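Hi,

Here's the structure I promised to pass on.

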Amino acid sequence: MNSNQQSNRLLILVGSPRRDGNSAALGKAALRGAEAAGTAATLLFIDDYIHGFLPDLRHARAPADRYAELFLEHFLPADGMLLCTPVYWYGMSAQAKAFFDRSFSHYAGAGPEPQRVMARMTGKRLGLAVASEETYPGAALGIVHQVQEYARYTHSDFVGYVHGAGNKRGEIARDPRQPLAAAQTLGAEFFTRKYSDYRIETPRRHNVWEAAPALSSTPGGLP
Ligand SMILES: Cc1cc2nc3c(=O)[nH]c(=O)nc-3n(C[C@H](O)[C@H](O)[C@H](O)COP(=O)(O)O)c2cc1C
């Protein structure tokens, strides 16, 4: 365990209504990995907190639900957020989308509170875990793109992505690509995984990873 992981807080949000579904399985695997690595992590189901969409704020109050608690008390203090969502019509679930939309009522407008909210929305580590029926990678690309743009907009680091297939509850465990193991690893490495996203002027070395220890000098060994 390292001290960096101890001080970081990971929020895992599940955007499916199914508590025993495939997105939840991805989230629970990530939670196991995070906890094993000593990271403080919390898993929440979005629809325990959100019961309505973003209203026209000039004419209507926000829905009477627990979104403010989810956003202000769990999301803003977190250093990282892993979104676990099913693919619904080649996009994220409405629960997951509403999580992002409803944040508008906290960061829009002038004044110290929106400023504080915007400051805390930036600079997080973000991850995505997706469950779909189709195995075709393109089925989830719309969601990947949306999270990528959210990360760019909020100066956050999109550090990892897992996609698995299943339809019946928990069936994702049978996906031979082992998305649950990948989610567990993502949870464990959430705050330590190497992240790079270059611009033309970014100073860089030629190698991405530290050189492997020198191979045995046995004559005839590989160069
Ligand atoms: C409304 C709805 C729309 C769906 N749309 C798609 C889709 O476009 N592509 C796909 O691969 N699976 C689609 N699915 C299947 C789910 O993504 C799949 O069953 C997933 O494992 C459900 O995750 P969960 O167990 O976390 O709810 C859809 C399911 C529902 C209920």
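**Around the ligand**

The ligand has 16 residues around it, and the closest are Ser 16, Asn 22, Ser 23, Gly 166 and Asn 167. Keep in mind as you read that this is a predicted model.

By type, the shell around the ligand splits into six nonpolar, seven polar and three charged residues. As for where they come from, helix 2 and strand 4 each contribute at least two residues to that shell.

A few backbone contacts may be handy if you're setting up the ligand:

- Trp 89: a backbone N or O atom is 3.0 Å from a nitrogen atom of the ligand.
- Ala 131: a backbone N or O atom sits 3.4 Å from an oxygen atom of the ligand.
- Glu 134: a polar backbone atom lies 2.8 Å from an oxygen atom of the ligand.

How much of the ligand does the protein bury? On its own the ligand exposes 640 Å², and the protein buries 80% of that.

**The fold**

Reading from the N terminus, the elements go α-β-α-β-α-β-α-α-α-β-α-β-α. If you need a box, the C-alpha atoms fill one of roughly 80 × 45 × 35 Å along the principal axes.

The five strands make an open sheet, ordered 2-1-3-4-5, with parallel pairing. Strand 2 (40-45) and strand 5 (157-165) are the edges, each pairing on one side only. From one strand to the next, the twist averages 15°.

Which residue of strand 2 is the bridge partner of Leu 11? That's Thr 42.

Now for the helices against the sheet. Helix 3 (residues 67-75) packs on the sheet, where it touches strand 1, strand 2 and strand 3, and its direction makes about 155° with that of strand 1. Helix 2 (residues 22-36) lies across strand 1, strand 2, strand 3 (80-86), strand 4 (125-132) and strand 5. Relative to strand 2, helix 2 runs at about 165°.

Cheers

Technical notes. Residues numbered from 1 in each chain as written. Predicted model: local features only at pLDDT ≥ 70, side-chain atom pairs only at ≥ 80, totals over all residues. Heavy atoms only, no water. Pairing = 2+ DSSP bridges. Helix = DSSP H or I, 4+ residues; strand = E, 2+ residues; numbered from the N terminus. Axes fitted to C-alpha atoms, helices over the stretch in contact; angles between N-to-C directions. Contact = heavy atoms within 4.5 Å. Near = heavy atom within 4 Å. Polar contact = N/O pair within 3.5 Å; in protein donor to acceptor, adjacent residues only side chain to side chain. Areas by Shrake-Rupley, 256 points an atom, 1.4 Å probe, with all protein chains shown as cover. Nonpolar A, V, L, I, M, F, W, Y, C, P; charged D, E, K, R; others polar.
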